[in-house]
2 protein chains.
Amino acid sequence: MKNPSLPFKYRDNIIAPATPPGTGAISVFRLSGPDVIEITDRFFVPKGKKKLTEAEGHTLHFGELRDGDEVVDEVLVAVFKAPKSYTGENSVEISVHASPYIQKRVLEWFLDHGVRMAEPGEFTLRAFLNRKMDLAQAEAVADLIAAETPWQHRVAMQQLRGGFSKKLKELRDRMVEFAALMELELDFAEEDVEFADRRQFARLLDEIKSTLRELTEGYRTGNAIKEGIPVAITGEPNTGKSTLLNALLNEEKAIVTDIPGTTRDAIEDYIILNGIKYRFIDTAGIREASDRVEQIGIARTFEKIKEARVVLLLVDAARLAADSRLCADTIRRLNEWKKEYPDKIFILTVNKSDLVTPDRLERLLSCFNALKGIHVIHMSAKRKEGVERLKELLSLLAGQGTLKPGDVLVTNARHYRALKEALESVRQVEEGLQAGLSTDLLAVDIRDALNKLGEITGEITTDDLLDHIFQNFCIGK
Amino acid sequence: MKNPSLPFKYRDNIIAPATPPGTGAISVFRLSGPDVIEITDRFFVPKGKKKLTEAEGHTLHFGELRDGDEVVDEVLVAVFKAPKSYTGENSVEISVHASPYIQKRVLEWFLDHGVRMAEPGEFTLRAFLNRKMDLAQAEAVADLIAAETPWQHRVAMQQLRGGFSKKLKELRDRMVEFAALMELELDFAEEDVEFADRRQFARLLDEIKSTLRELTEGYRTGNAIKEGIPVAITGEPNTGKSTLLNALLNEEKAIVTDIPGTTRDAIEDYIILNGIKYRFIDTAGIREASDRVEQIGIARTFEKIKEARVVLLLVDAARLAADSRLCADTIRRLNEWKKEYPDKIFILTVNKSDLVTPDRLERLLSCFNALKGIHVIHMSAKRKEGVERLKELLSLLAGQGTLKPGDVLVTNARHYRALKEALESVRQVEEGLQAGLSTDLLAVDIRDALNKLGEITGEITTDDLLDHIFQNFCIGK
């Protein structure tokens, strides 16, 4: 049963609670390791006659956990036999009554009988080490658990099911073939043979490059789905930024499922519209600003714009009416921004529309007809008029074109960095190839590119990398 | 599969989350009802080829939940076939990744496909209605989940495994036989036959009576285990009652398991010593008392003593030293209490021992040598000196003789009432028998006694009773 290819650490037996703590009908303990079935047999007295060690994999057994005379609980035990389990090892899942006492007793019993507490993410780490999934898939497990919106869920699920790592692995495998051929050429260096077809290789490099480029370009979208699309609310003091923010957030605070007890308490500065998450940048600043005189330096505003995907600029309708130069100033400012950041979405929001007559408002808005590629809306954030229109616009613009169901998206900053580096080293190989670099130098660059590609799917890992990835997992996963 | 003996309500399909809400590795949904396996088959795409309907009971199946094109999750499905399941019906348990989104989607899918949300305790109610357990066992499930101490756990587990209901059922069955014979006699009333041996019947009644008496007598202990042993802290104003209470509670507040995240937040006025729970009575009064002048009328103190099992009387060492009559007054008071409540445990606590010299303290304590059957200790609650000794004493006295591992204990107020009533009606039958009551009148009393006995184990139930019992269960159980 023991897998000799694993580091020693992973040949032992581990346990962790797999279900959330608290009150409920049942709690599940998960165990994995070479001896967990035998060990559980010493604690478990089945209602039927079969011992767990004699049971088939993927079967369920009802019985009692007994510590000497004490009946600790009536439980259901699921048995999985290596390699057909989540971790690839022998595994056991025990459903106990969710009493604090029982949970404590069960855990203590196993800790006293040769099983140790699992580290965070250790079950998934073992699944990776036993080649049940690649590294990107393992990382998707954490994303899947954290998913709150349909899109977050979809990209995590795509990654879990293989997603881009399948494609990358295939390309890398093909590159490995070329590398092998080139290494072979080195063995026959004096004979000046060419086993690796250079034109074919160039075509492969091109394919890899375009795949990597596609994936890195998808990161902005992928990251926006995972972390929320960043939205900046800007404008002069007292244009109603804080009121607008509250109007947007208030109704959307609770990301609630219908399951009793799962209302989220955490209030964060984001909303979810049509399954897409929007995250407001630097809202602390906005909230403070309502209390004291605001001092947004140009630098700071630019900072916010730089981070954002969508930029709202608020202007005060009454001030627009009173100051004839404000319209032209606003247009100039927006055009500068648009020039600097042509990819971002700018929305000019004429706020406090309740302070001017409808006729006047219409004339004020017409002044902005000169703006190209910038959306102009009006509202009274205070009276919550026009806020719905803004939401619709956000949902329409920021969602537009970014989300196609078939897309494979990169959501992970680590993958993004590795993809960028891989792209860089593939380019290096390409340049070397074009420049007629000698095979031995080319081989070095190729090996570098293979390493970079391998880091994403975990074919190349270090202990540090693994520790870093799995320490963010929850216990029991 | 449908069980025609069930009321219509229980022939449908139900679902509920079985694990606590919140973050974790997995969440489990539990389904029960005639069609749950077929319905799950429409949502579940197994990795193997077998459909769940073709699977054996007590097997586990890995695969995907798919709603049209969308992969909702990779899950593990446990299949149970009627009658071999917790409820006795076809059942399914689905382990999903514990993401809020997935939990919501899975629940919604089933609610949209002919499954309704289970009512609290409905799985256990169905188990009872399908004769998988009797009523007392069903009630024990809720107690088991709530158990915090080893003793609470032990009595709940004993009840779950049959406990006293097995014994009661057997006695009742024997009484039913006699009842049947007597009813038969009524059919032959004119012939003056006696099918039921009256002497044997008298012996059975005696046996039933002694069992019922034993069980009702165990209730005080059982209830103390379940609810905690009630302790009253009494004494004049400013004798340090509130300080003592805080000293006792402070260190013991967290009833913690070693499982990460399960620290209990709730602060209640109880402590657990050596696995036994002690509950302090009317501590709100004590806490208020430190803020304002206390006005404990004699009546109110007596009220507290009546409820308590252990009574602490605090006196102030400094006041004892200053007021020569206080010692005699205290002795008189305690002797009155002891006379009125001979079964209760009284502990005289000389507090503020730090305010007098050790010599003086010794002399003050010797004054209480006259007290018989009352424990005298001294302490400085403020300096936390002597508090440990009080805890040891509590643990020794209140635990003494009350807890024998083999004991079958009644912990449920409903059972206690029903047992008392049953005992009363058995006595009635006995009296009738001794008085030579006519068989038809005797039969009426017997039927009444049978009903009372049947209420405990659920052989006799009403919808009201069931509703009342199961509404206190958690969802998913």
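Which residue's side chain meets that of A:Arg126 in a salt bridge? The tour answers this at its second stop, after a few words on what is on the screen.

**Before you start**

This is a predicted model, in which local features need pLDDT of at least 70 and side-chain atom pairs count only at pLDDT 80 or more, while totals for chains, interfaces and linings use all residues. Residues are numbered from 1 along each chain as its sequence is written, chains are lettered from A and ligands numbered from 1 in the order in which they are written, and side-chain values use heavy atoms, with hydrogens and water left out.

**Stop 1: chain A as a whole**

Select chain A and colour it by domain, using bounds that come from an automatic or database domain assignment: domain 1 covers 8-132, domain 2 covers 140-218 + 410-458, and domain 3 covers 228-402. The centres of domain 1 of chain A and domain 2 of chain A, taken over C-alpha atoms, are 40 Å apart. Switching to a cartoon view shows 17 helices and 13 strands in chain A, where helices (H or I, at least four residues) and strands (E, at least two) are DSSP runs numbered from the N terminus. Of the 477 residues of chain A, 54% count as buried; buried means under 20% relative accessible area, exposed means over 50%, and partly exposed lies in between, with a 1.4 Å probe and protein chains only.

**Stop 2: a salt bridge in chain A**

Now select A:Arg126 and A:Asp12, whose side chains meet in a salt bridge, 2.6 Å from N to O; the term stands for a side-chain nitrogen of Lys or Arg within 4 Å of a carboxyl oxygen of Asp or Glu. A:Arg126 lies in helix H3 (residues 122-129) of chain A and A:Asp12 in the segment before strand E1 (14-17) of chain A, so the pair ties together parts that are 114 residues apart in sequence. A:Arg126 counts as buried, at 1% relative accessibility, whereas A:Asp12, at 25%, counts as partly exposed.

**Stop 3: aromatic rings**

Over all chains there are 14 aromatic pairs, that is, rings of Phe, Tyr and Trp (its six-membered ring) whose centres lie within 6.5 Å, with planes under 30 degrees apart counted as stacked, over 60 as edge-to-face and the rest as tilted. Select A:Phe43 and A:Phe110: their ring centres are 5.5 Å apart and their planes are at 75°, so the pair is edge-to-face. A:Phe43 lies in the loop between helix H1 (36-41) and strand E3 (44-46) of chain A, while A:Phe110 lies in helix H2 (residues 100-111) of chain A, so the pair ties together parts that are 67 residues apart in sequence. Both A:Phe43 and A:Phe110 are buried, and together with A:Trp109 they form one aromatic cluster.

For a stacked pair, move to chain B and select B:Tyr219 and B:Tyr416, which are 4.1 Å centre to centre with 15° between the planes. B:Tyr219 belongs to helix H7 (residues 198-227) of chain B and B:Tyr416 to helix H15 (residues 413-434) of chain B, and the two residues are 197 residues apart. B:Tyr219 counts as buried at 14% relative accessibility, and B:Tyr416 as partly exposed at 23%.

**Stop 4: further salt bridges in chain B**

Select B:Arg172 and B:Glu459, which form a salt bridge whose closest N and O atoms are 3.7 Å apart. Another salt bridge joins B:Arg198 to B:Glu185, with the closest N and O atoms 2.8 Å apart. B:Arg198 lies in helix H7 of chain B and B:Glu185 in helix H6 of chain B, so the pair ties together parts that are 13 residues apart in sequence.

**Stop 5: where the chains meet**

Finally, show both chains and select the residues in contact (heavy atoms within 4.5 Å), which are 61 residues from chain B and 62 residues from chain A. Between them the chains bury about 5,000 Å², 69% of it on carbon and sulfur atoms, where buried area is the accessible area (1.4 Å probe) that two parts lose on being put together, summed over both. Across this interface there are 2 salt bridges, and A:Glu64 forms a salt bridge with B:Arg161, the closest N and O atoms being 2.8 Å apart.
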